[in-house]
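Welcome! Take a moment to look over the chain before reading on. The report below walks through it, starting with one handy term.

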Amino acid sequence: MYKIPESVLVVIYTEDLQVLMMERTDKPDYWQSVTGSKDFPDETLEVTAIREVREETGIVVADKSGAVPLAHLRDWRVSNVYEIYPVWRHRYAPGVTKNTEHVFGLLVPAAIPISLAPREHLQYQWLPYREAADLCFSPSNAEAILQLPRQIGK
C-alpha cells in the first residue's frame, strides 16, 4: 500500500516555547517534529495529527482524564506543498513527487513523558524554539517552528 501524499506536521511545544525534536531512525542526524501521512483518503487532518502524535510520542490528545486536552491541538491553517525527498519517494505511488503538509501546533505540559516509537525515532530533546528550528533538516518544519510565537500570540 502506498502512502497518501497528504500529511501533517505537528509542532509540539510547552508554554515557555520549548519544542520537542526527534531524531529519525532511518536517517540519523535528521531531526524533526511529528510528521505523518493520512492512513486513508477521508481521514480528517485532525484525526491524522492525533494518531501520529500518539504513535510517535505516546502523547494522548483527547478530552479525558490524563490526556492533553483536544483544545490544545490547533490547526494553524498553513499548508506546504513540497517535493518528496528522493530517499522516501519509493513509499508513494509511481509518479507521485509532491506532498501537501498541513501544520498543527500542540501545547503540552513541560514535564510530559515521551515514549518514542523505536522504529521511527532514536532519541528526543526539548529545545528553545529557535534552536529547534536550526536543528531541523526540513525547511518547512524549521519555518513552522519559527512561526510558533506568532501562531500562539506571543
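## A term to begin with

A residue is called buried when its relative accessible area is under 20%, exposed when it is over 50%, and partly exposed in between, using a 1.4 Å probe and protein chains only. At 61% relative accessibility, Asp29 therefore counts as exposed.

## What kind of model this is

You are looking at a predicted model, in which local features need pLDDT of at least 70, side-chain atom pairs count only at pLDDT 80 or more, and totals for chains, interfaces and linings use all residues. Residues are numbered from 1 along each chain as its sequence is written, and side-chain values use heavy atoms, with hydrogens and water left out.

## The chain as a whole

The protein chain contains four helices and seven strands. Here, helices (H or I, at least four residues) and strands (E, at least two) are DSSP runs, numbered from the N terminus. Reading from that end, the order is β-β-β-β-α-β-β-β-α-α-α.

How does the radius of gyration of the protein chain agree with that of a compact globule? For 154 residues, such a globule would have a value near 15 Å, and the protein chain has 15 Å, so the two agree. The radius is taken over C-alpha atoms, and the globule rule is 2.2 Å times the number of residues to the power 0.38. Along the principal axes, the C-alpha atoms fill a box of roughly 40 × 30 × 30 Å.

## Inside, outside and charge

Of the 154 residues in the protein chain, 45% are buried. The chain exposes about 8100 Å², and carbon and sulfur atoms supply 53% of that area. Accessible areas come from the Shrake-Rupley method with a 1.4 Å probe; for residues, only the protein chains shown count as cover.

Contact means heavy atoms within 4.5 Å. Among contacts between residues at least 6 apart in sequence, 67% join residues at least 24 apart.

There are 16 positive and 21 negative side chains, and the centres of the two sets lie 2 Å apart. Lys and Arg count as positive and Asp and Glu as negative, while His and the chain ends are not counted. The place of each charge is taken as NZ of Lys, CZ of Arg, CG of Asp or CD of Glu.

Helix α1 covers residues 45–57, which is 13 residues, and reaches 18 Å from its first C-alpha to its last, close to the 18 Å expected at 1.5 Å a residue. The expected span is 1.5 Å times one less than the number of residues.

Which residues of α1 are buried? They are Thr48, Ala49, Ile50, Arg51, Glu52, Val53, Glu56 and Thr57. Their cover includes β1 (6–13), β2 (18–24), β4 (34–37), β5 (73–83), β6 (98–107) and β7 (121–128).

Glu56 is found in this helix, and counts as buried because its relative accessible area is 1%. Not counting residues up to four places away in sequence, Glu56 touches Met22, Ser33, Val34, Thr35, Ser115, Leu116, Ala117, Glu120 and His121. One of these, Ser115, is 59 residues from Glu56 in sequence, with 7.5 Å between their C-alpha atoms.

## Loops worth a look

The loop between β1 and β2 holds Thr14, which is buried with a relative accessible area of 4%. Leaving aside neighbours within four places in sequence, Thr14 is in contact with Leu107, Val108, Pro109, Ala110 and Trp126. Its C-alpha atom is separated by 9.6 Å from that of Pro128, 114 residues apart along the chain.

Most residues other than glycine have a negative phi. Leu17, although not a glycine, has a positive phi of about 65°. Leu17 lies in the loop between β1 and β2 and is buried, at 12% relative accessible area. Asp29 is not a glycine either, yet has a positive phi of about 75°; this residue sits in the loop between β2 and β3 (31–32).

Asp42, in the loop between β4 and α1, counts as exposed at 64% relative accessibility. Asp42 and Arg89 are 47 residues apart in sequence and 22 Å apart in space, C-alpha to C-alpha.

Is Ser79 buried, exposed or partly exposed? Ser79 is partly exposed, with a relative accessible area of 44%, and lies in strand β5. Apart from neighbours within four places in sequence, Ser79 is in contact with Thr100, Glu101 and His102.
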